[in-house]
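The following exercises accompany the structure shown below. Each states a task and then works through a solution step by step.

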Amino acid sequence: MVEQHVVIVGGTAGIGLELARHLVDAGDEVVVTGRDPGRAERVAKELGARAHGLGFDLAEPSGIAPALAGVERVDHLVLAAIERDVNTCADYDIGTAIRLVTLKLVGYTEVVHALLPRMAPDASIVLFGGGAKDRPYPGSTTVSTVNGGVLGMMNSLATELAPIRVNTIQPGIIGDSPFWRDKPAPVLDAFISQTPLGRLATMAEVVDAVLFLMNNAAINGVTLRVDGGWLLT
């Protein structure tokens, strides 16, 4: 297989880290980024010689381009960084809302802007959205709205950047992810009971879906749900 150069924003933990492990094991060159430069470097060292760590905060967009200046080639860009904001309209925290909106909508776009000169015409971009876009819950005011914005971003970038492909992955409740795996059993059982598959999706299954969006050259402008059918219920 031809070596690929992949940048994973949000690659120091969770699904982004699982994807980085898979790609490094496959022989690809991988840049993982996170907010903490030291942690990003430590994670890259643990992944192996083909991994490189960079630190920047997506919610501070002016620092993104300088941090990515040393990246010379991008075959695939995966924007997997997320933050969880519990925010209702009745009890609205403007600061956390602005941070999340900036992180995902401005920060994601600025990463693409900064790396675009180093992306080939056959490159791909995978954006991470989330199930709250279609299935909001109390406290998801900002999360649901921002993930709806990610869909609009995908449509816009797929048109503007063509022939570079742009797709979105929309994970559901990922049972073995760091956020969910330590939740009380009754909480997880409630989600399992609402999932036609009879179990929750796994990080490995999300990684497999991301690889499909990265590597299938005919897939463009697609939102792929990885939730075991949870959004059907």
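Helices (H or I, at least four residues) and strands (E, at least two) are DSSP runs, numbered from the N terminus. Residues are numbered from 1 along each chain as its sequence is written, and side-chain values use heavy atoms, with hydrogens and water left out. The model is predicted: local features need pLDDT of at least 70, side-chain atom pairs count only at pLDDT 80 or more, and totals for chains, interfaces and linings use all residues.

**Exercise 1. State how many helices and strands the protein has, and give their order.**

Step 1. There are seven helices and seven strands.
Step 2. Read from the N terminus, the order is β-α-β-α-β-α-β-α-β-α-β-α-α-β.

**Exercise 2. Compare the radius of gyration of the protein with that of a compact globule.**

Step 1. The radius is taken over C-alpha atoms, and the globule rule is 2.2 Å times the number of residues to the power 0.38.
Step 2. For 233 residues the rule gives a value near 17 Å; the protein has 17 Å, so the two agree.
Step 3. Along the principal axes, the C-alpha atoms fill a box of roughly 45 × 40 × 35 Å.

**Exercise 3. Examine α1 (14-25): its span, its buried residues and what follows it.**

Step 1. The expected span of a helix is 1.5 Å times one less than its number of residues.
Step 2. The twelve residues of α1 should therefore span 16 Å, and the end C-alpha atoms lie 17 Å apart, which agrees.
Step 3. Buried means under 20% relative accessible area, with exposed over 50% and partly exposed in between (1.4 Å probe, protein chains only). In α1 the buried residues include G14, I15, L19 and V24.
Step 4. Just after α1, G27 has a positive phi of about 95 degrees.

**Exercise 4. Which elements do the buried residues of α7 pack against?**

Step 1. Helix α7 covers residues 203-215 and reaches 18 Å from its first C-alpha to its last, close to the 18 Å expected.
Step 2. Among its buried residues are M203, V206, L211 and M214.
Step 3. With contact meaning heavy atoms within 4.5 Å, the buried residues of α7 pack against β1 (5-9), α1, β4 (74-79), β5 (119-128), β6 (165-171) and β7 (223-226).
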